[in-house]
Amino acid sequence: MNPHHLELIPDTGAALAAANAAHAEGVTMPNVNEKPILFCAEMVRALLAGTKTQTRRVAKPVKHPDFGNLYEPGAMVLEREPQHVINRACPYGQPGDRLWVRETWGVISHSWDKAGNMVDWVPDRPATPILELPFGRVYYSGHVIYAADGYMEWAGDDDGGGEPRSAWKPSIHMPRTASRILLEITDVRVEQLQDISEADAVAEGCVAEPCDHSRQSCEDIGCYGPTAAGAYHWLWNRLNGAGSWDANPWVWVIEFKRVEK
């Protein structure tokens, strides 16, 4: 018997859809701008642990906030634009704005007891309760769970008797209501990727680890070295592809603190 089952609440009309759409967007504080931002599971865990207070994102051309002319990445730095211009040009927001985290997620609506009866699922891992959350053409009620907290199999066929499987949804599709992490931007700047310092790499959630080789140099075997900056070098290439570190792009550096929702 499949211990967990995914419940889909059918679309019951335009009026309900409109009401739930507003609920899904969440309620923001007056005069506070919020935007979504994606993080992989490893970085989500660093956010939850409080060890990640920075993120770097490749800078694309942006418009000057006052004059509207298009700036190539890094031009604001090279032309020594004042900080207030850099703040307002940042596509992720400026100090005081907030970022809600999108991560890989799923929904458990109910479970099954030993007799095969449908019962409420009692969370045994981090979970966010939801009620009629609109997603696609259906509505979800129950609890949102998160892949960063560990793998789980919980969805079978329609009657709950199929083989267990996972029903994770991509982070890009996470609605505001399902998000559990809220960040407040404290500083933004533009720099080249390889300008990252050891302290910044630690703030990115990376940890310095000793090398596990003794007879060959790091340079000889392509090791990233026993530093947090080396660990970030490896992480960047893993997330952005081989050669992306060597390209040394201009990046937005967003510093933040976690705030209670």
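## Cysteines and a cavity

Cys90 is buried, with a relative accessible area of 5% (buried means under 20%, exposed over 50% and partly exposed in between, using a 1.4 Å probe and protein chains only). This is a predicted model, where local features need pLDDT of at least 70, side-chain atom pairs count only at pLDDT 80 or more, and totals for chains, interfaces and linings use all residues. Residues are numbered from 1 along each chain as its sequence is written, and side-chain values use heavy atoms, leaving out hydrogens and water.

**Looking for disulfides**

- A disulfide is a covalent bond between the sulfur atoms of two cysteines.
- The whole structure has 0 disulfides, where the search asks for a pair of cysteine sulfur atoms within 2.5 Å.
- For Cys40, the closest cysteine sulfur belongs to Cys206 and lies 9.7 Å away, too far for a bond.
- Cys40 is partly exposed, at 25% relative accessibility.

**Around Cys206**

- Cys206 is buried at 9% relative accessibility.
- Cys206 touches Ala201, Ala228, Ala231, Tyr232 and Leu235, not counting residues up to four places away in sequence (contact means heavy atoms within 4.5 Å).
- Leu235 is 29 residues from Cys206 along the chain, and their C-alpha atoms are 8.6 Å apart.

**The cavity**

- The structure holds 1 cavity of 30 Å³ or more (a set of points on a 1 Å grid over the protein atoms alone, where a 1.4 Å probe fits but cannot get out).
- Residues lining the largest cavity include Tyr71, Met76 and Trp252 (lining residues have an atom within 4 Å of a point).

Terms used: 1 Å grid on protein atoms, 1.4 Å probe; cavity = no way out; pocket = protein on both sides within 12 Å on 5 of 7 lines; lining within 4 Å. Points joined across faces, edges and corners; volume = space filled by probe spheres on them.
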